[in-house]
Amino acid sequence: MSEQAQVDDLGRQSRDLQRQSQAEATKKNTDAAAKLSAQANDLAMKVRAIRATHLEKASPLMDDARAQYDLTN
């Protein structure tokens with residue numbers, strides 16, 4: 001699975017859990033809402049970590065491409 005597909009999937013799961021958490025909170029089921037919200041936050045943190053890792057890998061490549069462009073223009 002590609003990084004983008006993984007980010008998309010985890011993000012979708014996180015949003016679904018957050019919506020479920022809000023629905024539980026509306027029903028005054030605070031324990032379930034808190035549990036769902038914590039699960040959503042865990043998935044969101046995984047997404048952020050994947051993105052940060054990708055940026056660490058991609059930033060030098062982007063900087064090099066900009067430098068190459070600046071040299072030719």
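The following questions and answers go through a predicted model of a protein. Residues are numbered from 1 along each chain as its sequence is written.

Biologist: How far does helix 1 reach from its first C-alpha to its last?
Modeller: Helix 1 covers residues 3-26, which is 24 residues. Helices here are DSSP runs (H or I, at least four residues; strands are E, at least two), numbered from the N terminus. The expected span is 1.5 Å times one less than the number of residues. The reach of helix 1 is close to that expectation, at 34 Å.

Biologist: Against which element do the buried residues of helix 1 pack?
Modeller: Buried means under 20% relative accessible area, exposed over 50%, and partly exposed in between (1.4 Å probe, protein chains only). The buried residues of helix 1 are Val7, Leu10, Gly11, Ser14, Leu17, Ser21 and Glu24. Residues three or four places apart in an α-helix point the same way, because there are 3.6 residues a turn. The partner of the buried residues, spanning 30-72, is helix 2.

Biologist: Are helix 1 and helix 2 roughly parallel or roughly antiparallel to each other?
Modeller: Their axes are 8 Å apart and pack at an angle of about 160°; axes are lines fitted to C-alpha atoms, for helices over the stretch in contact, and angles run from 0 to 180 degrees between N-to-C directions. Angles under 35 degrees count as roughly parallel, over 145 as roughly antiparallel, 65 to 115 as roughly perpendicular and the rest as oblique. Helix 1 and helix 2 are therefore roughly antiparallel.

Biologist: Which residues does serine 14 touch, not counting residues up to four places away in sequence?
Modeller: Serine 14 lies in helix 1, and it counts as buried because its relative accessibility is 11%. Contact means heavy atoms within 4.5 Å. Serine 14 touches Ala40, Leu43 and Ala44.

Biologist: Is glutamate 24 buried or exposed?
Modeller: Glutamate 24 lies in helix 1. Leaving aside neighbours within four places in sequence, glutamate 24 is in contact with Asn29, Ala32, Ala33 and Leu36. Its relative accessibility is 18%, so glutamate 24 counts as buried.

Biologist: What phi does lysine 28 take?
Modeller: Lysine 28 is in the loop between helix 1 and helix 2, and it is exposed, with a relative accessible area of 69%. Most residues other than glycine have a negative phi. Lysine 28 is not a glycine, yet its phi is positive, at about 65°.

Biologist: What separates the C-alpha atoms of glutamate 3 and alanine 52?
Modeller: Glutamate 3 lies in helix 1 and is partly exposed, with a relative accessible area of 29%. Glutamate 3 touches Ile50, His54 and Lys57, not counting residues up to four places away in sequence. Glutamate 3 and alanine 52 are 49 residues apart along the chain, and their C-alpha atoms are separated by 11 Å.

Biologist: How far apart in space are proline 60 and lysine 35, C-alpha to C-alpha?
Modeller: Proline 60 is found in helix 2 and is partly exposed, with a relative accessible area of 49%. Proline 60 and lysine 35 are 25 residues apart in sequence, and in space their C-alpha distance is 39 Å.

Definitions and conventions: Predicted model: local features only at pLDDT ≥ 70, side-chain atom pairs only at ≥ 80, totals over all residues. Heavy atoms only, no water.
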